[in-house]
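User: Hi, can you walk me through the contacts in this protein? Please keep it simple.
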Amino acid sequence: MKLYQQAQFVGILSCIVVAGTIVLTAAPKRSDITLAAPDIEIEVAKDFTAEVTAYSSSPDETFGDGLITASGREVHDGLVACPRKYPFGTRFKIGSRVYTCWDRLHPRFDHRFDIWKPSKEDALQFGLRRMTVEAM
């Protein structure tokens, strides 16, 4: 089955004016096209294993104001920086705790989850772990 993008589909349904007569171009049969609705969210696996790290608000670990997240919210216990494919406000169960995504990581670490900790020592003690993450 051939898939058409919306822009391609519009082009296929274009019309041609020839000598004052409107001629519609042929369109594919309905069974031959599949269009993705723009407001449908992409399904993502609910349970998966991911790299999980921790960070603090120390200046060497953040960009700009270390107390304000990428979403504009203040840092707080229960906050996680998550990959860009998840919208802000998405909740995740990591280990035995639920975290909410209100921050982002540097693009080179966009595959990780980064839990906010109140001190750099706490973040270093957490380290890098491979953990089961459940999107809620």
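Analyst: We will go through ring pairs, charges over rings and disulfides. This is a predicted model, where local features need pLDDT of at least 70 and side-chain atom pairs count only at pLDDT 80 or more, while totals for chains, interfaces and linings use all residues. Residues are numbered from 1 along each chain as its sequence is written, and side-chain values use heavy atoms, with hydrogens and water left out.

User: OK. How many aromatic pairs are there in the whole structure?
Analyst: The search finds five. Rings of Phe, Tyr and Trp (its six-membered ring) pair if their centres lie within 6.5 Å; planes under 30 degrees apart count as stacked, over 60 as edge-to-face and the rest as tilted. One of the pairs is F48 with F113, which is tilted: 5.9 Å centre to centre, with 35° between the planes.

User: Where do F48 and F113 sit in the chain?
Analyst: F48 is in strand β3 (residues 47–55) and F113 is in strand β7 (residues 113–116). They are 65 residues apart, so the pair links distant parts of the chain. Strands (E, at least two residues) and helices (H or I, at least four) are DSSP runs, numbered from the N terminus.

User: Is F48 buried or exposed?
Analyst: F48 is buried, because its relative accessibility is 18%. Buried means under 20% relative accessible area, exposed over 50%, and partly exposed in between (1.4 Å probe, protein chains only). F113 is buried too, at 1%.

User: What about Y86 and F113?
Analyst: They form a tilted pair, 6.0 Å centre to centre, with 45° between the planes. Y86 lies in the loop between β4 (79–81) and β5 (91–94), and F113 is in strand β7, so this pair ties together parts 27 residues apart in sequence. Both Y86 and F113 are buried.

User: Which residues form the aromatic cluster?
Analyst: F48, Y86, F92 and F113 make up one cluster.

User: New topic. Which ring does R73 lie over?
Analyst: R73 lies over the face of W102, 3.6 Å from the ring centre. A charge sits over a ring if NZ of Lys or CZ of Arg is within 6 Å of the ring centre and within 35 degrees of the ring normal. R104 lies over the face of F88, at 4.2 Å from the ring centre.

User: And which cysteines does a disulfide join?
Analyst: C82 and C101, with S to S at 1.9 Å. A disulfide is a pair of cysteine sulfur atoms within 2.5 Å. C82 is in the loop between β4 and β5, and C101 is in strand β6 (residues 97–103), 19 residues apart. Both cysteines, C82 and C101, are buried.

User: Why is the C82 and C101 disulfide left-handed?
Analyst: Because the torsion about its S-S bond is about -65°.
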